[in-house]
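Thanks for asking me to look this over. Here are my notes, as numbered points you can follow with the structure open beside you.

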Amino acid sequence: MVLNRVTYRRRLSYNTKSNKVILTKTPGGKLTYQYSTKKTQVSKCGDCKRPLRGVPAVRPTKLASLSKRVKSVSRVYGGGSKCSGCVKQVQWVCEEQDNPGIPDRGTEQDNPGVLDRGAEDCGTSPQGSIQEVERLI
């Protein structure tokens, strides 16, 4: 007669969240408990609550043993608290606060007399620089 009574293998004798088990049969035919780990949660963005890409979903003890390279992304707030979309939004808002009076220029077709940003610094228009290059060739 086979005895199907199984006992916990650890000291905790209550069916708590940290003591979940799976009933399995060993190759020798015995029934034993295998302890299952808790499910992991993905780190989420603090603003939009979307999952953070590039950050592994592991338990905190495992996360502490991983290197910084694995846990973060090479970006401002990378892997910490904000996703790339929210970081771009914050940067855009900061730029708008820094330059509130400057309107958006649009394209060169909308404003044909306006120079592009790179050309302002050197004092030449983009058409002039292209003509100079063609003249040199």
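1. A word on terms before we start: a residue is called buried when its relative accessible area is under 20%, exposed when that area is over 50%, and partly exposed in between. Please also keep in mind that this is a predicted model.

2. Let's begin with Lys49, which sits in the loop between S2 and helix H1 (60-65). Is Lys49 buried or exposed? Its relative accessibility is 54%, so Lys49 counts as exposed.

3. The backbone at Lys49 also deserves a look. Its phi is positive, at about 65°, although Lys49 is not a glycine. Most residues other than glycine have a negative phi.

4. Now for the overall layout. The protein has 5 helices and 2 strands, and reading along the sequence gives the pattern β-β-α-α-α-α-α.

5. How do the strands S1 and S2 pair? Strand S1 (residues 21-25) runs antiparallel to strand S2 (residues 31-35), and 5 bridges link the pair. If you want a place to check this on screen, find Ile22, which stands opposite Gln34 in S2.

6. The hairpin of S1 and S2 has 5 residues between its strands. In this hairpin Gly29 adopts a positive phi, near 95°.

7. Of the 137 residues in the protein, 11% are buried.

8. What share of the contacts between residues at least 6 apart in sequence joins residues at least 24 apart? In this protein the figure is 23%.

9. My last stop is the second largest pocket, with a volume of about 220 Å³. Its lining consists of 12 residues, and those nearest the centre of the pocket are Pro51, Arg53, Cys83, Ser84 and Gly85.

Note on methods: Residues numbered from 1 in each chain as written. Predicted model: local features only at pLDDT ≥ 70, side-chain atom pairs only at ≥ 80, totals over all residues. Heavy atoms only, no water. 1 Å grid on protein atoms, 1.4 Å probe; cavity = no way out; pocket = protein on both sides within 12 Å on 5 of 7 lines; lining within 4 Å. Points joined across faces, edges and corners; volume = space filled by probe spheres on them. Pairing = 2+ DSSP bridges. Helix = DSSP H or I, 4+ residues; strand = E, 2+ residues; numbered from the N terminus. Buried < 20%, exposed > 50% of the residue type's maximum accessible area, 1.4 Å probe, protein only. Contact = heavy atoms within 4.5 Å.
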